[in-house]
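Have the structure open as you read.

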Amino acid sequence: MIYVLHGEDDFSQKEFLDNLRDEVGVPELLEANTSVLAGGELTLGQLRDVCGVVPFLAERRLVVVKGLLARFDSFRPRRRSRRSSSGQDGLEKWAELAETLGQLPSTTNLVFLERTIRRDNPLLSNLASVAKVREYRPLAGDILEEWITKRVSASGGKIAKQAVRKLVDLVGGNLWVLGRELE
């Protein structure tokens, strides 16, 4: 499965990624079956090679690519000129990304992990046909209060509405701090 996780809510991104790590199998083999790649200098060939590796004594393999889409976030189509733009050359090298990823082994979970990226990002458009795109926006209002209530319930506890509102007033939408406070 291929995922694009992007947005300002890195807490929820991490939780989703942790769930994918659990799918790899026994914790002792997690490191052997996980690859984390920096997208800044990554090539399509390198990505294809890493994703093609078969899991070692596990059911799944996890490949996380950080910051690849952001690399092309400022790309703007330009008129043809005599001088070639390095950004355009770089983008052309990724033109076959969706086709390449369509051939990944079914045992590989590939995650593109990004902060905030533009909606018109050319790689995001390319990946939309083969990946599940999840945008993680900061929680606020009723959704944040519901998140707190569910988190407490999942831990086997109960919390009063006034306590939920007080937490939101004092902490705001920082899920990292809220998570620690709820623990």
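Start with helix α1, residues 10-24: at 1.5 Å a residue, its 15 residues should span 21 Å, and the end C-alpha atoms sit 21 Å apart, so the two agree. Bear in mind that this is a predicted model.

Which residues of α1 are buried? They are F11, S12, Q13, F16, L17, L20 and V24. A helix has 3.6 residues a turn, so residues three or four places apart point the same way. Just past α1, G25 takes a positive phi of about 135°.

Now hop over to L47, which lies in helix α2 (residues 44-51). With a relative accessible area of 1%, L47 counts as buried, because the cut-off is under 20%. Leaving out residues up to four places away in sequence, L47 touches L37, L42, V65, W94, L97, L101, L110 and F112. Take L101: it is 54 residues from L47 along the chain, yet their C-alpha atoms are separated by 9.2 Å.

Zooming out, the chain has eight helices and five strands, in the order β-α-β-α-β-α-α-β-α-β-α-α-α. Of the contacts between residues at least 6 apart in sequence, 78% join residues at least 24 apart.

A few whole-chain values:

| Property | Value |
|---|---|
| C-alpha box along the principal axes | roughly 65 × 45 × 25 Å |
| Buried share of the 183 residues | 39% |
| Accessible surface | about 11,300 Å² |
| Carbon and sulfur share of the accessible surface | 50% |

As for charge, there are 27 positive and 26 negative side chains, and the centres of the two sets lie 6 Å apart.

Key
Residues are numbered from 1 along each chain as its sequence is written. This is a predicted model: local features need pLDDT of at least 70, side-chain atom pairs count only at pLDDT 80 or more; totals for chains, interfaces and linings use all residues. Side-chain values use heavy atoms; hydrogens and water are left out. Helices (H or I, at least four residues) and strands (E, at least two) are DSSP runs, numbered from the N terminus. The expected span of a helix is 1.5 Å times one less than its number of residues. Buried means under 20% relative accessible area, exposed over 50%, partly exposed in between (1.4 Å probe, protein chains only). Contact means heavy atoms within 4.5 Å. Accessible areas come from the Shrake-Rupley method with a 1.4 Å probe; for residues, only the protein chains shown count as cover. Lys and Arg count as positive and Asp and Glu as negative; His and the chain ends are not counted. The place of a charge is taken as NZ of Lys, CZ of Arg, CG of Asp or CD of Glu.
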